[in-house]
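Here are some short notes for a first look. Please read them with the model open.

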Amino acid sequence: MKEDQAQTKTLYERLGGIDGITTLVDDIVENHMTNPAVNARFLPLKEHPAHFTEVRQHLINFLAAGSGGPQEYKGKDMLASHKGMNISQGEYMHVVDDIMKALGKNKVDEQTQKDVLAIAYSLKKDIVGV
């Protein structure tokens, strides 16, 4: 694909549409579950399958809607969903690393990875230490 054609695609399209985003979310969640720096926050979801399914769907819809897809995100905003969790800078960086690892595993191109990273950093103020 020519570079100018790649730039006209939405982030949603570059992430592989809903199928690609669903795979990414599953890989990201798996990375979080196996990352000892953050898994204590995620492993309890396995004990509540219905809640886990709901959280997973929120993540898929959030990423899909936020990247230009037609899906609608009806969950809480970032600040509301992280308020009271007191997430540390270190935990945040581990989560970002898990996201980047999933993007690499799914062979997402470098520019798209940079775009996702920029979005992650733009949300940091609503996640860390709130």
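Where is the place of Lys107? Point 1 takes this up, and the other points move on from there.

1. Lys107 sits in the loop between H7 and helix H8 (110-123). Keep in mind throughout that this is a predicted model. Lys107 is exposed, with a relative accessible area of 73%. Its backbone deserves a look: Lys107 has a positive phi of about 55°, yet it is not a glycine. Most residues other than glycine have a negative phi.

2. Asn86 is another non-glycine residue with a positive phi, here about 50°. Its loop runs between H6 and helix H7 (89-105). Is Asn86 buried or exposed? Asn86 counts as exposed because its relative accessibility is 55%, and the cut-off for exposed is over 50%.

3. Now turn to a helix pair. Two packed helices are described by the angle between their axes and the distance between the axes. Helix H3 covers residues 17-34 and helix H5 covers residues 49-66. They pack at an angle of about 125°, and their axes are 9 Å apart. H3 is therefore oblique to H5. The crossing of the two is right-handed.

4. Which residues of H3 and H5 meet? From H3 come Ile18, Ile21, Thr22, Val25, Asp26, Val29 and Met33. From H5 come Phe52, Arg56, Leu59, Ile60, Leu63 and Ala64. The residues of this contact divide into 10 nonpolar, 1 polar and 2 charged.

5. Ser67 lies in the loop between H5 and helix H6 (78-82). Ser67 counts as buried, because its relative accessibility is 5% and buried means under 20%. A polar atom of the Ser67 side chain lies 2.8 Å from the backbone oxygen of Leu63. Leu63 is also one of the H5 residues that meet H3. Leaving aside residues up to four places away in sequence, Ser67 touches Thr10, Leu11, Tyr12, Leu15 and Ile21. Of these, Ile21 is among the H3 residues in the contact with H5.

6. Lys9 belongs to the loop between helix H1 (3-8) and helix H2 (11-14). Lys9 is partly exposed, with a relative accessible area of 33%. How many residues apart in sequence are Lys9 and Gly68? They are 59 residues apart in sequence, and 9.8 Å apart in space, C-alpha to C-alpha.

How values were computed:
Residues numbered from 1 in each chain as written. Predicted model: local features only at pLDDT ≥ 70, side-chain atom pairs only at ≥ 80, totals over all residues. Heavy atoms only, no water. Axes fitted to C-alpha atoms, helices over the stretch in contact; angles between N-to-C directions. Helix = DSSP H or I, 4+ residues; strand = E, 2+ residues; numbered from the N terminus. Parallel < 35°, antiparallel > 145°, perpendicular 65-115°, else oblique. Left-handed = near helix turned anticlockwise from the far one by under 90°. Contact = heavy atoms within 4.5 Å. Nonpolar A, V, L, I, M, F, W, Y, C, P; charged D, E, K, R; others polar. Buried < 20%, exposed > 50% of the residue type's maximum accessible area, 1.4 Å probe, protein only. Polar contact = N/O pair within 3.5 Å; in protein donor to acceptor, adjacent residues only side chain to side chain.
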